[in-house]
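Have the sequence and the 3D view open side by side before you read on. This report walks through a few spots inside the structure, one at a time.

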Amino acid sequence: MYILFICVMTAEYFLMVQTGKHKNGKLAFCIVVALELILLSGLRSMYVGADTISYYGMFKEYSQMSWGELFERFVMFIKDDSNSYALRDPGYGFLVKMFTSICGSYRIYLIFIAALFHGPLMYLIYKHSKNAYVSTLIYFCLYFDFFGITGIRQTIALMLTTILCYDCFEKKKTLRVIVLSLIAFFIHKSSIMFMIFYMYMRFLAPKKVSSNYTAAALILIVLAFVFRNQIMGVAVKFLGYEQYTDYKTKTGAYVFGSVMLALLLVTIWRKNLIKSENGTVLINALFAALLLLPMAFINPTNMRITYYTNFYMILLIPEIIDTFEGNHRIFFVYGMLALLIGLYIRSMELYAFFWQVPYKGM
């Protein structure tokens, strides 16, 4: 199914955009792909995605709780520093309760979450990507397995921050960032990473990424890798995700880390040719992601902490592609697409619609 989607998306991009026959081909492409991603995510079997069944249990639990109980948990979350799982991310309970007050179907809820994320995502790609096809393919190969079928709370949090606040860097809409980040924080505490990144970009980041600034960033990235355990200790103390300190297989971290390192080298090479108004934001987002990446070598689950900044790869890579011309661009594009698809095929999971593998608990 995943390979079929890539093939269909490629054909759609060629027919709607590349042929030049449609005046609003890019918009049509983004709308159609958004609908396809929503259906692919919302109609998945309960057995697709590590957390889909777990979130069903939370859905039933929150739907049966009273507003008073949810508010009490919220107050306890504010007062309590025990980081108990029952009190974590209380804003999500309010969201589920509001939804179940209108509709009690978990299937409709999954479609709602998919639309809540993929609608703004494809609008971001439509407005800000130099190549909608490349951006969508990057998202699908690197991020869909998480945001499309796994982490609902962080999916909502990233949509509120990284996606909806992208234009706030240039327009300096700090109030919007604070409000949306605060809402996202109560849904998934990791969203504090975006607020820190925005404040850095707002007050400290240079207007142009100079050679000296780049050298300083590289030194900090090396130091972050050396002191990753200490950094992880501070993050755990604040965010309360102690399970992320456990040792797990690091294969995924090495693969993703290699991709990020290759992207860093190409970005440094081509950074002076990036013409985007938000080029500084995109390059700094890559630096920030690499500063946090060493924690993924402790536990690959920590990769989700970097999502708030490395997600902008979907916009940065098309900007880099745009700096090449002629045969060099063709070679870079096809080489990158082959690498992405190859890595995705190597690690992709099986997919099934809910009617193909029905969940016996529903």
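## Around the largest cavity

Three helices, α6 (106-128), α8 and α9, each give at least two residues to the lining of the largest cavity. Helices here are DSSP runs of H or I with at least four residues, numbered from the N terminus. α6 gives the largest share of that lining, three residues.

## What you are looking at

This is a predicted model, in which local features need pLDDT of at least 70 and side-chain atom pairs count only at pLDDT 80 or more, while totals for chains, interfaces and linings use all residues. Residues are numbered from 1 along each chain as its sequence is written, and side-chain values use heavy atoms, with hydrogens and water left out.

## Helix α9, wrapped up

Helix α9 runs over residues 152-163, 12 residues in all, and spans 15 Å from its first C-alpha to its last. That is close to the 16 Å expected at 1.5 Å a residue, the expected span being 1.5 Å times one less than the number of residues. How many of its residues are buried? It's 12 of the 12, so α9 is largely enclosed by the rest of the structure. Buried means under 20% relative accessible area, exposed means over 50%, and partly exposed is in between (1.4 Å probe, protein chains only).

Take Thr 162, which sits in α9 and is buried at 0% relative accessibility. A polar atom of its side chain lies 2.9 Å from the backbone oxygen of Tyr 308. Leaving aside neighbours within four places in sequence, Thr 162 is in contact (heavy atoms within 4.5 Å) with Phe 194, Tyr 308, Phe 311 and Tyr 312. Tyr 308 belongs to the buried residues of α17. Helix α17 (residues 303-310) has eight of its eight residues buried, so this helix too is largely enclosed by the rest of the structure.

Thr 150 is in the loop between α8 (144-147) and α9. Is this residue buried or exposed? Thr 150 is buried, with a relative accessible area of 12%. Its side chain reaches the backbone oxygen of Asp 145 at 2.8 Å. Not counting residues up to four places away in sequence, Thr 150 touches Gly 49, Ala 50, Asp 51, Tyr 55 and Asp 145.

Leu 110 lies in helix α6 and is buried, at 2% relative accessibility. Not counting residues up to four places away in sequence, Leu 110 touches Gly 42, Arg 44, Thr 52 and Ile 152. Leu 110 and Tyr 56 are 54 residues apart in sequence, yet their C-alphas are 9.6 Å apart in space.

Further along α6 you'll find Gly 119, which counts as partly exposed at 30% relative accessibility. Gly 119 and Met 159 are 40 residues apart in sequence and 9.7 Å apart in space, C-alpha to C-alpha.

In soluble globular proteins, nonpolar side chains tend to be buried together. Here, the largest nonpolar core has 120 residues, and those with the most contacts inside it are Tyr 92, Tyr 109, Tyr 139, Phe 311 and Ile 314. Helix α16 (residues 279-292) gives this core its largest share, 10 residues. Such a core is a set of buried Ala, Val, Leu, Ile, Met, Phe, Trp, Tyr and Cys residues joined through side-chain atoms within 4.5 Å.

Among the residues that Tyr 139 touches, beyond four places in sequence, are Leu 37, Phe 117, Phe 311 and Ile 314. Over in α16 there is Leu 282, buried with a relative accessible area of 2%. Leu 282 and Tyr 312 are 30 residues apart in sequence and 6.3 Å apart in space, C-alpha to C-alpha. Leaving aside neighbours within four places in sequence, Leu 282 is in contact with Tyr 166, Tyr 312, Leu 315, Leu 316 and Glu 319.

Notes:
A polar contact is a pair of N or O atoms within 3.5 Å; within protein, one must be able to donate a hydrogen and the other to accept it, and residues adjacent in sequence count only if both atoms are side-chain atoms.
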